[in-house]
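Here's a quick briefing to read alongside the model. Have a look at the fold first, then work through the points below.

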Amino acid sequence: MKAITIKQPFATLIAAGLKEYEFRTWKTNYRGKIYIHAGLGTDTKAMEKFKDYNLEYPKGEIIAVAELVDCIMIDEKVKKELQEKNSLVYSGVIHDTSFQGYGFQLANIRKVKPISVKGKLGLWNYEPEKLEE
């Protein structure tokens, strides 16, 4: 199954159901189940914004599974919709006037029992022996 590595706090925000889009400069035609992998990287500015959420931010683990249902180009109209949806969670892309990229729309997000695995760039394949949901 496909997986995507995401910096913290964004991986946890997805696993918690607070973030339904992951942003990339490249698009994908892939649709279907995808593992959310919390990478080793951290966005320290973003971590400060979400410190009051009282969430745990694991690293180097698959922490959720979701459906990648769409890949949309981020334009001003989409930025406005994201601001209305959750201006804090999406503030990075909303206020970045230079961002030119895509939003991977995620649905049916569910936390899974964490499994330690090394992440990779792009979409990558991971076939666990057993992943408990």
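In what order do the elements of the chain run from the N terminus on? They go β-α-β-β-α-β-α-α-β-β, which makes four helices and six strands. Here helices (H or I, at least four residues) and strands (E, at least two) are DSSP runs, numbered from the N terminus.

This is a predicted model, where local features need pLDDT of at least 70, side-chain atom pairs count only at pLDDT 80 or more, and totals for chains, interfaces and linings use all residues. Residues are numbered from 1 along each chain as its sequence is written, and side-chain values use heavy atoms, with hydrogens and water left out.

**Overall shape**
- The C-alpha trace of the chain spans about 45 × 35 × 25 Å along its principal axes.
- Of the 133 residues, 44% count as buried (under 20% relative accessible area, with a 1.4 Å probe and protein chains only).
- Take the contacts (heavy atoms within 4.5 Å) between residues at least 6 apart in sequence: 82% of them join residues at least 24 apart.

**Around Ser-91**
- Ser-91 sits in helix α4, which covers residues 91-95.
- Ser-91 is buried, at a relative accessible area of 11%.
- Its side chain makes a polar contact with the side chain of Lys-49 at 2.5 Å. Such a contact is a pair of N or O atoms within 3.5 Å; within protein, one must be able to donate a hydrogen and the other to accept it, and residues adjacent in sequence count only if both atoms are side-chain atoms.

Note on methods: Buried means under 20% relative accessible area, exposed over 50%, partly exposed in between (1.4 Å probe, protein chains only).
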